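Hello,

I am handing over the structure below, with short notes on what turned up in it. Please read them with the model open.

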Amino acid sequence: MGVDRQKDLQIGGSREYLELYRKNPLVHRLYLGRPWKEYARTVFIGCYLGEMVRKEGWLPWRGEFALGTLYYAEYGNWGPGAETKGRVEWSSRVPKERLHVYSVENLIQGHEWIQ
């Protein structure tokens, strides 16, 4: 499974939103996710992450809740919000040899219903 930048998911904003964001970036706090249940799993692979994605990447729900059971990871993302330096310590990087786990076929049996 490679990263196809032609079909990237884009985490960004409309032109109007970006104008507001740039006027006061501290008010706009965009994270990739936060663990509201134990064993949460969220993975971003090959996505464009816009400038408004916070450097921490992820936000805890309440204190240490679910941080020991979650898997929040990234691989091959790009754009101004994709820098992983500064990410929270409980975030992960998907190893290249494990990318197949998150394919459409494996994750949601997409080969059975997506043409």
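Ile 114 is partly exposed, because its relative accessible area of 41% falls between the 20% limit for buried and the 50% limit for exposed. This residue sits in the segment after helix H2, which covers 104-108. Please keep in mind that the model is predicted.

Ile 114 also belongs to a nonpolar patch on the surface.

Three strands make up an open sheet in the order E2-E4-E5, and the pairing is parallel. Strand E2 (41-45) and strand E5 (91-93) each have a single partner strand and stand at the edges, so one side of each has no neighbour in the sheet. On average, neighbouring strands here are turned by 20° against each other, with direction ignored.

The pairing of E2 with E4 can be given in more detail. Strand E4 spans residues 71-75, runs parallel to E2 and is joined to it by 5 bridges. One of the residues to look at is Arg 41, whose bridge partner in E4 is Tyr 71.

Last, the annotation. An unreviewed UniProt entry lists residues 24-110 as "domain: Pectinesterase catalytic". In the model, this span is 6% helix and 17% strand, and the C-alpha atoms at its ends lie 41 Å apart.

Regards

Methods: Residues numbered from 1 in each chain as written. Predicted model: local features only at pLDDT ≥ 70, side-chain atom pairs only at ≥ 80, totals over all residues. Heavy atoms only, no water. UniProt positions renumbered as here; feature names shortened; annotations may be inferred. Helix = DSSP H or I, 4+ residues; strand = E, 2+ residues; numbered from the N terminus. Pairing = 2+ DSSP bridges. Axes fitted to C-alpha atoms, helices over the stretch in contact; angles between N-to-C directions. Patch = residues over 30% accessible without salt bridge, like charges linked within 9 Å, V, L, I, M, F, W, Y side chains within 5 Å. Areas by Shrake-Rupley, 256 points an atom, 1.4 Å probe, with all protein chains shown as cover. Salt bridge = Lys/Arg side-chain N within 4 Å of Asp/Glu carboxyl O. Buried < 20%, exposed > 50% of the residue type's maximum accessible area, 1.4 Å probe, protein only.
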